[in-house]
Protein chains: 2
Amino acid sequence: MTEKEKASTEEKVIAFILYPGLTALDMVGPLEVLTTLQHMAPEHHYRTVVVAERVQPMESDIPLKLTAEKAFEDVPNPFAIMVPGGGKPTIRAMGNQAILDYVLSTAKTAKVVGSVCTGALILAAAGLLEGRQATTHWAYYRLLEKLGAHYLRKRWVEDGKFITSAGVSAGIDMALYLTAKLTDEKTARLVQLGIEYDPQPPLGGIDWSTVDRDRRRPELMRTIKEELAHRPDLFHKLTD
Amino acid sequence: MTEKEKASTEEKVIAFILYPGLTALDMVGPLEVLTTLQHMAPEHHYRTVVVAERVQPMESDIPLKLTAEKAFEDVPNPFAIMVPGGGKPTIRAMGNQAILDYVLSTAKTAKVVGSVCTGALILAAAGLLEGRQATTHWAYYRLLEKLGAHYLRKRWVEDGKFITSAGVSAGIDMALYLTAKLTDEKTARLVQLGIEYDPQPPLGGIDWSTVDRDRRRPELMRTIKEELAHRPDLFHKLTD
């Protein structure tokens, strides 16, 4: 075996799943963390990749189009998968069979199956979170429960090889936790310093006592009716 | 004046500058914050846009290509500009006359001129930070000083209409501060809740007492020699 073949055998690919309309920060936060890990600690052989149904510019929730590096079929056996979330486009993606098939087939052999924000709903739609502890964006917790997961109000939740994180920015915290777990604390601190993650929210943290987690429920029910009527299995569970 | 014309007159455009190789999170963090502001508080008439020299997929520091929405010439008079940073590609961008020209011409009339991370070096290369207080990624502070700014070790620094933030993830804090300033605290809290920004770094914050801010100096000097030899004005200031 040549040195190059050896390196490629040892390589542990972390595949981020891109789909149209997703929340860009859900993907870019943890992707920045784990790509920094790749560059700062090459001896650990992690390599990030972005995969999608098609390699072409896709809309996101911000005025920026995103293009994946590879198509699903080009990355059949990643070490880890990571599913970002979003609003309505993520509800739509729950009914996209190409995404569900890729998540299901890669989850079988992946050592880590992760999500950010409502990406957990895609894992749950694929049946992967049934009976598992998990989390998601605060406004979507009930949908996660309806798909059989035990929702926890935490920044990230680990259950076996599954790791789910709360809304949007929580993916950064989760990815740093994962970095420490996959390598060591020293490496995770180097990565944290690289992206200068020393947060100082100008108004402090969120006061959860003021948050009604059901406030977006009517809007979510409308979205499910619009986007998932062609998937009676999911539709009945979510609107029951 | 029709309602539509009135809305367009009132519109305050926040233009994020994209260039090849930049650090994606530098852009996407604050862009997510300010686009959430646009959607959650449309009555304030902010609208984000991503501008670049060319509207075509560009490499970033992560395995994701990014495509701007508009070319520089299509957004000549934004309300605000925001310049993200990066590593070597940002040093290269400091010598890109199209970027410097756009920054200079828009900064004249913009009400807010901002940067994330080493994006401050682009503002400084355009001569905009001379004699001003500013900040940047910790490893690049000396370059900022050599271009005439007074570097402060802070998460973000405001000096007149200029607002600069520290490395990568600091753009999120700065953008939330800006949201509160441009609207009100209640709106900023809504935006913060939308992106669930309630950070919990798994290993805590950064212990700055252990950080040698000059550790990347030899590497930076090499990069400047490689990328800015054709700009003697900048080259001499930076290597002096």
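Me: What makes M27(B) a residue that L18(B) touches?
Reply: Two residues are in contact if their C-beta atoms, placed from the backbone, lie within 7 Å. Leaving aside residues up to four places away in sequence, L18(B) touches M27(B), V50(B), V51(B), A52(B), M58(B), L66(B) and A68(B). This is a predicted model, in which local features need pLDDT of at least 70 and side-chain atom pairs count only at pLDDT 80 or more, while totals for chains, interfaces and linings use all residues. Residues are numbered from 1 along each chain as its sequence is written, and chains are lettered from A and ligands numbered from 1 in the order in which they are written.

Me: Why is the largest set of nonpolar residues called a core?
Reply: The name applies because a nonpolar core is a set of buried Ala, Val, Leu, Ile, Met, Phe, Trp, Tyr and Cys residues joined through C-beta atoms within 7 Å. A residue is buried if 20 or more other C-beta atoms lie within 10 Å of its own, exposed if 12 or fewer, and partly exposed in between, with C-beta atoms placed from the backbone. The largest core holds 161 residues, of which L18(A), L144(A), L18(B) and L144(B) touch the most other members. In chain A, buried residues make up 51% of the 240 residues.

Me: How do you know what relation chain A has to chain B?
Reply: The copies are superposed by least squares on the C-alpha atoms of residues with pLDDT of at least 70 in both. A rotation of 180° with 0.0 Å of shift along its axis places chain A on chain B, with an RMSD of 0.0 Å. That is the relation of a two-fold axis. In chain A, the C-alpha nearest the axis belongs to L66(A), 2.5 Å from it.

Me: How do you know through which surface the copies meet?
Reply: Of the interface residues of chain A, 100% are also interface residues in chain B, so the copies meet through the same surface. There, 49 residues of chain A are in contact with 49 residues of chain B. Among the elements of chain A, α2(A) gives the most to this side, with seven residues.

Me: What makes β3(A) and β3(B) a pair?
Reply: Strands (E, at least two residues) and helices (H or I, at least four) are DSSP runs, numbered from the N terminus. Two strands pair if DSSP finds at least two bridges between them. β3(A) and strand β3 of chain B, residues 65–67, have three bridges in the antiparallel sense, and L66(A) stands opposite L66(B).
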